[in-house]
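Hi,

Here is the structure I said I would pass on. Have a look at it first, and my notes follow below.

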Amino acid sequence: MMRSRKQLLKTERNKLRHKWMLRGTVIMFVIFIIVCGGVIWFHTTGNQQGQGLPSESLHPAESKPVVSTIPKTSQKPTPSVTALTAAGNDPDSVQMAFVGDVLLASGVETLMKQNGYDYPYKDVKNYLQQPDLTIANLETPVTDRGTEQKKEYIYRSSPLALPALAAAGVDLVNLANNHVMDYGEQGLLDTMEYLDRTGIKHIGAGHDANEAFQPVIIEKKGIKIAFLSFSHIVPDNSWKAGVNHPGVADTYNYTLPVKAIEIARTQADLVVVVTHWGVERNDKPEAYQTDLAHRYIDAGADLVVGGHPHVLQGMESYKGKWIAYSLGNFIFTTNNVPETLDTMILNASCTKDRKCTMSAIPIYTKWAKPEKMTEEQSNKLFARISTVSFHAQIKPDGQIVETP
């Protein structure tokens, strides 16, 4: 009996041990399922946390800030680039695209750090990559050095932002503006060096006046295009390029710009002038803008494209040549002035015999993210800009035509 009782107790203990082992196995399995589910949830939804736009307003450029959350943009159809592709295949004409002010600092830099340096170009890169040449106004020095200047708005961009700008399709940038020397001569020199390293050409500034007023000549499809740039907005005389003095090419006196254009006329088939001028938030050019533009064309320019006012200004047809007085903002901080959100990509198709046809792609730019306008927005924009244009009209399809 004693042996049977011991055996019975041993059997009971074994059963209890197996029971607890089974229960432990079940508990471990449940924990495993919970952990796996958590990992899957994190990768599908949790990773999206912190990737949206900031809820605070971005530091605005030369404007009153807007304090609001960033609204979700409505879904729009994928932009068609069929017309651009067809134009680009024309062996007898060169296709150029021009965009307005590009700022890669301040609130724009914040957005790029959150969403990637290619963030601003995602909805428009096809329009920038298709043409033979794309030109922008770079409204900031690219440097991590230099002396901060004493002025109201001061910007500085990271060199890390340039490869994405080049990859988006920008080939050449204007440096003759009122921000390129926000960090002094060192900032300007660094900017030119970083652009050279990235493969982006630049106009309107140099190590001295001779370089600043020199054209950049680019040949495409057997057509030589000379690009020049001048600024009528210079914060301080020390910004002006001089003998053995780095700076920008200014146009307060038209003599040097006109001479530079006349020389470029003998060196290239086409001459394009990019200017920085006008009054901020004013969609009508000042009298001096018109005077300078006409002098540039009389000297041999085939196309004049302006910037600085942060809004679109009108077009003009003058002696068979075209003037775009201001293209407004393209990639910039956001403010509460609606007109600063309207812009366009200006396309010029030019032949070797100096004939250019012009068209516009309507763009709405907010929170540093330009995108193609809806048809309704486009119609309103083209009608508005046509009313402030001179001997020029933008048709609903974007074609810019000469009028009496």
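Helices here are DSSP runs of H or I with at least four residues, strands are E runs of at least two, and both are numbered from the N terminus.

Before going on: this is a predicted model, so local features need pLDDT of at least 70 and side-chain atom pairs count only at pLDDT 80 or more, while totals for chains, interfaces and linings use all residues. Residues are numbered from 1 along each chain as its sequence is written, and side-chain values use heavy atoms, with hydrogens and water left out.

Back to α10. Ser378, Leu381, Phe382, Ile385 and Ser386 are buried there (under 20% relative accessible area with a 1.4 Å probe, protein chains only; exposed is over 50%, and partly exposed is in between). These residues cover an arc of only 130° around the axis, which puts them on the same side of α10; the arc is taken from the directions from the helix axis to the C-beta atoms. The face turned away from that side carries the exposed Glu376, Lys380 and Thr387. On the buried side, the packing partners are β14 (342-351), β15 (356-366) and β17 (392-394), with contact meaning heavy atoms within 4.5 Å.

Next, the inside. In the largest nonpolar core, which has 40 residues, Val173, Phe330 and Ile345 touch the most other members. A core is a set of buried Ala, Val, Leu, Ile, Met, Phe, Trp, Tyr and Cys residues joined through side-chain atoms within 4.5 Å. Elements giving two or more residues to this core include β1 (93-102), α6 (184-198) and β15.

Leaving out residues up to four places away in sequence, Thr134 touches Ala97, Leu128, Gly169, Val170, Asp171 and Leu172.

Cheers
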